[in-house]
Amino acid sequence: MCSPRTLRLCEKFFVFLLCGSALPAAPTFYHDVLPILQKRCQECHRPGEVAPMAFLTYRQTRPWAKAIRESVLLKKMPPWFAEPGYGPFSNDRSLSQPEIDTLVHWAESGAPEGNVKESPPARPWVNGWNIAAPDAVLTMPRPFPIPASGELDYQYIVLPGGFSEDQWVEAAEMRPGNRSVVHHAVVYVREPGSTWLRDAKPGVPYVPPGQTPRERLVAGITTSEILLVYSPGNVPEQWPPGLAKLIKAGSDLVLETHYTPNGHATSDRSKLGLVFARTPPSQRVMTLQMGNDRFLIPPGHPHYAVSVRGTLPNDATLLGYFPHMHLRGQSFEYNLVERGSARRPLLRVTPYNFYWQLFYRLATPLPLKAGTELEFVGYFDNSRRNPNNPDPEEAVRFGPQSREEMMIGFFDVAVDPHMDKAAFFLRPGTQ
Ligand code: HEC
């Protein structure tokens with residue numbers, strides 16, 4: 001039998017023949033939709049997280065049924081930009097075709113609620129965090145004021161760690177106090193004895209001296225280890241079992257924050273949560289980067305390639321990728337250069353989306369030998385056709401502000417737990 005509702009649905013899909021017993025019953029919220037929302041959407045769509053509305057209950061979700069249909073059909077949601085065929089990635093949050101079909105079918109069937117008894121148990125979340133309850137929380141001692149408009153230099157805020165013993169960190173998360181102005185942040189581990197930012201007072205936002213923004217940026221560049229990169233929509237750092245990042249006893253944590261005014265004078269007080277490993281890890285995680293800061297993107301160019309190549313100084317196991325460009329970023333590639341200069345593509349991020357800078361974590365880490373050659377290529381669209389382009393007339397160079405550009409491929413590797421960053425860059429045979 002065709003109910004009037006399924007009939008309407010059938011007409012829409014030109015599948016008249018399926019009408020009758022063969023047409024599957026419409027999916028319901030509790031039975032079919034909620035499990036997908038829990039798995040793929042609630043990390044962002046719950047109170048206090050990055051999305052503007054929650055999808056925890058039927059009442060919260062029902063008004064968005066049509067928009068959900070639209071955004072999953074257009075693959076706007078969930079945000080994920082790795083082209084299929086690379087990876088696989090352990091944090092791949094893209095929907096399978098059956099999941100898309102279920103959400104679309106549900107919305108087109110009038111978004112039925114179904115029987116609450118068929119509801120899966122609520123997914124447990126730690127309130128205010130996306131990691132397990134942190135063992136240590138470091139907070140900016142004072143709010144940092146952000147004016148209504150203008151450009152701000154990157155701010156460096158030194159947070160004393162206060163750790164009297166080495167700490168292995170198995171998960172870390174930075175929580176902005178005010179998401180609307182924290183464009184992105186990098187958290188560094190400054191080891192004892194480092195002279196980097198030695199004039200900065202603990203807890204007080206600091207801008208390294210320099211005449212031009214570029215000089216100030218260069219003065220802020222450090223060889224200190226990166227603990228994490230915060231950008232909206234990224235899942236927090238949670239390394240696989242047996243892998244952890246090291247914070248040596250006596251280290252400070254340095255927040256490098258790019259604040260972007262949002263039209264209202266406001267302030268931010270961000271915090272950092274750390275979960276410590278209970279046992280020493282079998283490998284140490286380090287975040288490396290390779291980028292190109294000597295480019296000039298011609299005005300109006302629709303597809304300008306900027307590349308960088310380098311060889312790995314020591315053996316390392318590749319764990320994942322984090323490409324970084326600004327508003328003219330169009331796509332980003334990570335390649336292995338094989339003998340005879342053949343390329344083995346590792347990742348294609350297309351389209352690159354400035355507003356969703358994501359980490360792509362390999363489900364199966366890739367062991368690489370010392371001497372392996374890596375090549376990263378960023379493509380930029382400086383034409384009028386790029387709706388995010390601040391000025392297609394401009395010839396664009398490297399710089400910290402969003403109207404300037406960057407081309408950096410970050411990547412995480414696992415190495416021997418006794419290796420440190422300086423030692424990693426000593427090439428065997430050159431010591
Ligand atoms: C990584 C975080 C994140 C995940 C995961 C995520 N969303 Fe979103 N979603 C957002 C943010 C932020 C917005 C608002 C800004 C925007 O539209 O980009 C949004 C907006 C939306 C909108 C409104 C779009 C519009 O046209 O107004 C819908 C509908 C939506 N999400 C559905 C989903 C569904 C369904 C899932 C899971 C299958 C999902 N989202 C997963 C962050 C996320």
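Predicted model: local features only at pLDDT ≥ 70, side-chain atom pairs only at ≥ 80, totals over all residues.
1. Some layout to go with that. The chain splits into domain 1 (4-118), domain 2 (130-281) and domain 3 (283-431). Taken over C-alpha atoms, the centres of domain 1 and domain 2 lie 36 Å apart.

2. Now the area. An interface is often sized by the accessible area lost when its parts come together. Domain 1 and domain 2 bury about 560 Å² between them, and carbon and sulfur atoms give 36% of that. On the domain 1 side, the residues losing the most area to domain 2 are E49, V50 and R93, which together account for 56% of what that side buries.

3. Which residue forms a salt bridge with E49? The partner is R175, with the closest N and O atoms 3.1 Å apart. Between domain 1 and domain 2 the count is 2 salt bridges. The polar-contact rule finds 5 residue pairs across this interface, both residues of each pair being at pLDDT 80 or more.

4. Last, the empty space. Rolling a probe the size of a water molecule over the atoms shows where such space is left. Here the count is 3 cavities of 30 Å³ or more, and the largest cavity has a volume of about 260 Å³. That largest cavity is lined by 24 residues, of which E173, Y230, N234, V235 and P236 are the closest to its centre.

Notes. Residues numbered from 1 in each chain as written. Heavy atoms only, no water. Domains from an automatic or database assignment. Buried area = accessible area lost by both parts, 1.4 Å probe. Salt bridge = Lys/Arg side-chain N within 4 Å of Asp/Glu carboxyl O. Polar contact = N/O pair within 3.5 Å; in protein donor to acceptor, adjacent residues only side chain to side chain. 1 Å grid on protein atoms, 1.4 Å probe; cavity = no way out; pocket = protein on both sides within 12 Å on 5 of 7 lines; lining within 4 Å. Points joined across faces, edges and corners; volume = space filled by probe spheres on them.
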